[in-house]
Amino acid sequence: MSALREKLLLAIYRHFEQWAGNNRLDFACQKGCATCCTQNVTMTAVEGDLIHRFMDDNARHAWFAGKLQVKKPRPQVVATTNEFAERCLAGQEGKAPNSVEGEPCPYLEDSRCQIYQVRPFSCRSFASLEKCLAGQAAQLPQFYIATTTAAQQLIEHVGQGEYWGNMHDVLLALCDRKENEETAQLLASQSLADQARARLRKAKPLPGFLISGEDYDRVSPFILALFNEKIGGKTVEEILNGK
Ligand code: SF4
């Protein structure tokens, strides 16, 4: 993973956390509650690289390989967030990416996330104003959903051209990277990784944000603060625009 991509990803995580803190939403989420921790999580390869490196740094290759080989049905993703946005912005019907009920996430042990420090953005932004019940949608204000969607779009833009899809498929697919060889060698067969790659899509560039006029004033502080941050002498906005 290039250092710049990682810095951009971490800047998005940090600015979202600051924005959410500033909005003081009274979420019902509590430590130990993990109803939303299912296998129904999507992410980019940029986020998957961070998880693979965490496993490497902590010498957890065998444990990780075991998790990667948990055989559960995984959804075939129909569109990335930016593909969905592109269709909506063109006035076409967009089918929301990934909408399948999931089995419990394999990284959940004793109701605790074992990869909490490097969990993907989907997990960081999971929340609900009401206590969730299994199979029930989270209760969230529209401006919060609009901001999480904007952040997802930006992360996908950072990882454009790379794997995008179900978290567990992306992690398996990334076993084709040289730096992940140690984990790849612990897989019983390569066919699971091949099947995972066949279910994935490629991340796309940002086609524009899906922010309604009503939500703009609540969402824009996140985007403006992020875009104005400087990394290596350039603003994030300049870097994302390829300047
Ligand atoms: S990675 Fe962690 S936070 Fe995300 S769904 Fe799995 S257990 Fe929950």
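Two residues are in contact here if their C-beta atoms, placed from the backbone, lie within 7 Å. Among contacts in the protein chain between residues at least 6 apart in sequence, 81% join residues at least 24 apart.

A word on the source. This is a predicted model, in which local features need pLDDT of at least 70 and side-chain atom pairs count only at pLDDT 80 or more, while totals for chains, interfaces and linings use all residues. Residues are numbered from 1 along each chain as its sequence is written.

Now the chain as a whole. It has 11 helices and seven strands; these are DSSP runs numbered from the N terminus, helices being H or I with at least four residues and strands being E with at least two. The radius of gyration, taken over C-alpha atoms, is set against a globule rule of 2.2 Å times the number of residues to the power 0.38. For 243 residues a compact globule would come near 18 Å, and the protein chain has 18 Å, so the two agree. Along the principal axes, the C-alpha atoms fill a box of roughly 50 × 45 × 35 Å.

Burial is next. A residue is buried if 20 or more other C-beta atoms lie within 10 Å of its own, exposed if 12 or fewer, and partly exposed in between, with C-beta atoms placed from the backbone. By that count, 35% of the 243 residues are buried.

Helix H4 spans residues 81–89, and its buried residues include Thr81, Asn82, Glu83, Phe84 and Ala85. What covers the buried residues of H4? Helix H6, residues 142–158, is part of the cover. The axes of H4 and H6 come within 9 Å and cross at roughly 115°; axes are lines fitted to C-alpha atoms, for helices over the stretch in contact, and angles run from 0 to 180 degrees between N-to-C directions. Thr81, Asn82 and Ala85 of H4 meet Thr149, Gln152, Gln153, Glu156 and His157 of H6. After H4 comes Gly91, with a positive phi near 80°.

Two residues other than glycine also need a mention for phi. Arg24 has a positive phi of about 40° and sits in the loop between helix H1 (3–23) and strand E1 (42–44). Arg24 counts as exposed because it has 7 C-beta neighbours inside 10 Å. Ser111 has a positive phi near 60°, in the loop between strand E2 (108–109) and strand E3 (112–113). Ser111 is exposed, with 10 other C-beta atoms within 10 Å.
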